[in-house]
Amino acid sequence: MLDLTDFHNVHFIGVGGVSMKALALLCARCGLNVTGSDKAYSPALDALCQNGVYAYCGSDPAVVEGADLVVYTACIPESDAELAKAREKRKTVMERKAFLALVERLCKRTVAVAGTHGKTTATAMLSAIMSGQGVKFIGHVGGDLPGGEISLTDSGRDVFLTEACEYKRSFLSLSPDIAVILNMKFDHPDCYRNMDELKDAFRRFADNVKEGGLLVVDHGIKDEFSPRGVRKVTFGFCADCDYRADDVTYKDGIYSFSLYRYSRCVGRYTTHVYGKHNILNALAALAAADGLGLDIVYAANSLSAFSGVSRRFECKGMLENGARVILDYAHHPDEIAAAIDTARVMTRGEITAFFEPHTFSRTKSLIDDFADSFYWADEVVILPTYAARESGIEGGSAYDLYLKLKKKKDACLYMEGYEAAADYIKTRLSGRGIALLLGAGKIADIADMLFKR
């Protein structure tokens, strides 16, 4: 069985991705010689270079010849020049999900956080709790810290904390001691044909929990999982949840609640991240922390100081016209609805949602749900699709979504680019309104245009 210590020179294809850059940085800190490429420039490449990684924009098969391990992301095609060279030279080649298993073997225990929504925030919350209580761990969070810093914790080898992504069943490479399942919603139609297939993948993930381990699961889906030899605990708002939030109040989108652990009130706490859905993320993180044997009171206090993750309902600033600009990674109908609901309780002004669809297959498969998800927005602006790993498909374009949405909402526009959207925000929004930038692609560029760095 391979271990990370078996390699000396590691090359990452797609190193600018959130997960990949953290893994490249981890390898550099482990004393390995690390290189990495990405098809597009991003500040992450500069940050990696400053930390001893030779990271560059473009493709250079010659660099691959010096590697003894090549790691690539699921979106890299087999036709990629560097990947093809690695296979030609018979290098050890593995997808990112397999590489995570190597990292897992570095540590004594693994905590893996899964779910269609919220796993980045919940993992970051748990990372903050563990750091606050001095746990020696590797923390692999699928989102950057505010300010753009690479989100990696490397304080020791007692625990490996990681997001567990369901895309292409990546999370099945892990064998966690503690697994968290936040929710299950149909997504990734390019690799799951229906909800039954997605549920089956999540069940297999739960079955991978080591004997004697812990499964932390949302109360609403608890009956979907019956892993053998594993303790199961639930979280939510119901009276029979093991970890429960009660007496919930909010002000300007910030929520306070009473925390109950096995029917006993632990105390009253405030989350300083926006949205009621983040209470569930907090409960899941607290349950996992409790499973690690950490002090739950101290853990809850740590969350009161947690300020969130970049691009998760991140307030970018206020314009001279009085409009607030908020950026959110939402690219699924449920996430969009949650972001708009959160904005609605924050303002009496108008909410204009700017949405960049992410992949054609998702748009086509969920187009009716997307059209319904904007119900509480006063105005919607649809931008061209961020294709990511896909080519266009009939019925799955951003313009198809615009036409569908236009039948439900008169205040709906289609714009061809970020510049037009930025100009619209500067000239048309005013008062206490909110410009809500939604999407997992490059829509953050609009905020950069509005607030020149």
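**Strands, cores and charged pairs**

Me: In which sense do strand β14 and strand β15 pair, and over how many bridges?
Reply: Strand β14 (residues 254–261) and strand β15 (residues 264–270) pair in the antiparallel sense, over six bridges. Pairing here requires at least two bridges found by DSSP, and the elements are DSSP runs numbered from the N terminus, with helices being H or I of at least four residues and strands E of at least two. This is a predicted model, in which local features need pLDDT of at least 70 and side-chain atom pairs count only at pLDDT 80 or more, while totals for chains, interfaces and linings use all residues. Residues are numbered from 1 along each chain as its sequence is written, and side-chain values use heavy atoms, with hydrogens and water left out.

Me: Which residue in β15 is the bridge partner of Ser258?
Reply: That is Arg268. The two strands form a hairpin with two residues between them, and Tyr262 in the turn has a positive phi of about 50°.

Me: OK, over to the inside. How many residues has the largest nonpolar core?
Reply: It has 81 residues, and those with the most contacts inside it include Phe12, Phe99, Phe374 and Leu438. Helix α1 (residues 18–29) gives the most to this core, with eight residues. A nonpolar core is a set of buried Ala, Val, Leu, Ile, Met, Phe, Trp, Tyr and Cys residues joined through side-chain atoms within 4.5 Å, where buried means under 20% relative accessible area, exposed over 50% and partly exposed in between, using a 1.4 Å probe and protein chains only.

Me: What does Phe374 touch?
Reply: Not counting residues up to four places away in sequence, Phe374 touches Ile336, Ile340, Ala353, Phe355, Val380, Leu405, Lys409 and Leu438, with contact meaning heavy atoms within 4.5 Å. There is also a second, separate core of 45 residues, which includes Met125, Met130, Ile279 and Leu294.

Me: Is Thr120 buried or exposed?
Reply: Thr120, which lies in helix α6 (residues 119–132), is buried, with a relative accessible area of 7%. Its side chain is joined to that of Glu163 by a polar contact of 2.6 Å, a term for a pair of N or O atoms within 3.5 Å in which, within protein, one must be able to donate a hydrogen and the other to accept it, residues adjacent in sequence counting only if both atoms are side-chain atoms.

Me: How many disulfides?
Reply: Zero, from a search of the whole structure, a disulfide being a pair of cysteine sulfur atoms within 2.5 Å. For Cys30, the closest cysteine sulfur is in Cys27, 6.2 Å away and therefore too far for a bond.

Me: And how many salt bridges?
Reply: The structure holds 20, each being a side-chain nitrogen of Lys or Arg within 4 Å of a carboxyl oxygen of Asp or Glu. One of them joins Asp368 and Lys404, with the closest N and O atoms 3.1 Å apart. Asp368 is in helix α12 (residues 367–373) and Lys404 in helix α13 (residues 398–406), so the pair ties together parts that are 36 residues apart in sequence. Salt bridges that share partners also join Arg169, Arg193 and Glu197 into one network.

Me: How far apart are the closest N and O atoms of Arg193 and Glu197?
Reply: They are 2.6 Å apart; Arg193 counts as exposed at 71% relative accessibility, whereas Glu197 is buried at 17%.
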